[in-house]
Structure formats: structure tokens, C-alpha cells
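Please keep the structure in view while reading.

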Amino acid sequence: MKFYKYCASGNDFVITNADRKEDRSALAKELCNRYEGIGADGFIVILPHEKYDFEWEFYNNDGSRAAMCGNGSRAAAHFAHHINKINPNMSFLTGAGIIKAKVNQDKVEVSLGKIKSVQNTFEKLGKTWQLCNTGVPHLVHFCQNLDEFDTMLCQKMRQKYNANVNFVKILDENHLKVRTYERGVEDETLACGTGMGACFYLAFLNKKVQNKVKITPKSGEEVGFAYKNEELFFEGKVKYCFEANYNFF
């Protein structure tokens with residue numbers, strides 16, 4: 001199997017082409033294993049589609065399916081343009097709906113579309129939370145110090161609400177810092193696009209930031225978010241790492 005390794009904002013992905021849909025959960029788990037496989041946060045399968053430029057299957061590190069992945073969508077768009085020679089302005093189908101993307105060399109902007117849902121704030125485990133769905137559900141906690149991030153607490157919140165868990169610090173009205181615990185990886189990751197999007201949108205909704213900001217995830221790789229015409233836009237660099245063949249025995 002020919003595969004390509006990509007990285008976007010600290011999230012890494014294994015990407016491949018296929019001609020038909022099938023359950024690739026076991027394959028995803030094998031490929032994403034960092035000790036006995038290639039190693040990645042997610043596995044992306046690019047499939048042909050009659051109406052859109054392509055369709056994808058997205059698998060988490062543990063082999064579970066996910067409707068959407070922000071950084072994964074940018075990596076997929078970069079791959080589709082640079083490897084599959086698709087037009088740089090494209091649209092593709094995900095489990096969360098249609099994603100529009102623009103590729104400009106190593107930068108990719110995607111529209112994550114409209115926010116799916118927002119719930120009221122609530123108290124749990126001594127902290128204030130809000131749930132926001134940006135394609136997948138995210139719990140968000142605003143804090144003064146990101147050292148508050150606690151993996152055990154995140155595990156409890158993830159299990160109870162079946163959502164990713166984010167801690168966000170507002171540096172100023174144009175800049176946020178975010179740490180995310182991702183379901184499917186079941187640990188903190190270096191970045192999460194939909195998580196950063198949820199943090200930005202809730203901060204904007206609560207009038208704490210402008211409609212265009214920079215966000216720094218744990219990886220330190222700064223990305224841009226904007227909210228316009230009721231759509232959430234996400235832009236940042238994407239890195240092609242390498243390509244190789246994976247043999248099954």
C-alpha cells in the first residue's frame with residue numbers, strides 16, 4: 001500500500017488513496033501505532049466522489065471513526081492538490097458535511113462551516129465548561145494558567161460527555177493558547193483544529209476576542225481562525241513529510 005505522511009499544526013496523519021468504501025478500522029489502528037506501525041494521530045482515506053472533488057474516511061489513532069478533523073481536513077486538501085492534482089479551490093465530503101478548502105503552496109485554509117451546536121455553561125469537577133460542536137463535540141474551559149490542564153480530569157470529562165476536552169487561555173483580543181485532550185487518541189495531542197475552532201468561537205460568542213485571531217496550540221505552530229458570514233475559517237501551514245510503501249505479511 002502506498003501511503004503519505006503529513007503533519008498539520010502538530011497533528012500527524014497517514015493518507016492514502018482508495019477506490020471503494022470499506023471498514024478500515026483495524027488497518028487504521030495498525031498504521032497509527034507509534035511503536036509497531038507508521039505512527040499517526042489519524043488515518044485518512046481519499047475516495048472518488050461523483051459530485052465533489054473527493055470524499056474521505058477518517059479514522060482516529062485507536063481505529064474509531066470520526067466525522068471531522070480540522071487539521072486532517074487541511075492535510076487532506078494539501079494531499080489532494082499536490083499529490084492527486086486536484087484544483088487548489090476544492091470541496092469534499094466528510095461525515096460532518098461538505099468542507100471547502102483553498103491550497104496556496106504550503107498554506108491551506110478550510111471552512112469548517114456553521115457551528116453545529118452550543119450548550120450553556122455548567123460546573124463540573126470544580127471547573128466551568130461549555131460544550132460546542134464544530135463537526136465533533138468539544139468541551140471548553142477558559143483558564144488563567146494552562147498548567148491547570150490535567151490529563152486525569154480530561155479523561156473523566158471525555159468519558160462522561162463523550163467529547164474532546166480543551167483548556168484555553170486568552171492572551172489578548174487577538175490571540176489564544178489552547179491545549180486539547182482528544183478522544184480516539186485518548187491523550188493530549190500537539191494540536192486539534194476543531195478544538196481550537198470551538199475555543200475561538202466560544203470566546204468570540206462571549207465577546208472576549210475579535211472575529212479574527214491567532215491561536216497557538218501545544219506544538220507552538222501558530223494558526224489563524226476567522227468567523228465571517230456565520231462560517232468558521234481555519235488557516236495554517238501543512239507539511240508533507242514522506243511517502244513509502246507499507247507491506248502486509
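Helices and strands are DSSP runs numbered from the N terminus, a helix having at least four residues and a strand at least two. The model is predicted.

**Annotated positions**

- According to an unreviewed UniProt entry, the annotation "active site" covers Cys69 and Cys192.
- These residues span 124 residues in sequence, yet no two of their C-alpha atoms are more than 7.7 Å apart, so they gather at one spot.
- Cysteine 69 is found in the loop between strand S4 (54–60) and helix H2 (70–82).
- Because buried means under 20% relative accessible area, cysteine 69, at 9% relative accessibility, counts as buried.
- Cysteine 192 has 5% relative accessibility and therefore also counts as buried.
- Leaving aside neighbours within four places in sequence, cysteine 69 is in contact with Phe13, Trp56, Phe58 and Thr194.
- With the corresponding neighbours within four places left aside, cysteine 192 touches Asn11, Asn71, His138, Thr180 and Glu182.

**The largest nonpolar core**

- The largest nonpolar core has 51 residues, and those with the most contacts inside it are Met90, Phe200, Ile215 and Phe225.
- Helix H4 (residues 193–205) gives the most to this core, contributing 7 residues.
- At least three residues of the core come from each of domain 1 (2–113 + 236–245) and domain 2 (116–229).
- Beyond its neighbours within four places in sequence, isoleucine 215 has contacts that include His175, Leu176, Val178, Met196, Phe200 and Phe225.

Definitions and conventions:
Residues are numbered from 1 along each chain as its sequence is written. This is a predicted model: local features need pLDDT of at least 70, side-chain atom pairs count only at pLDDT 80 or more; totals for chains, interfaces and linings use all residues. Side-chain values use heavy atoms; hydrogens and water are left out. A nonpolar core is a set of buried Ala, Val, Leu, Ile, Met, Phe, Trp, Tyr and Cys residues joined through side-chain atoms within 4.5 Å. Buried means under 20% relative accessible area, exposed over 50%, partly exposed in between (1.4 Å probe, protein chains only). Domain bounds come from an automatic or database domain assignment. Contact means heavy atoms within 4.5 Å. UniProt positions are given in the numbering used here, feature names are shortened, and annotations may be inferred rather than shown by experiment.
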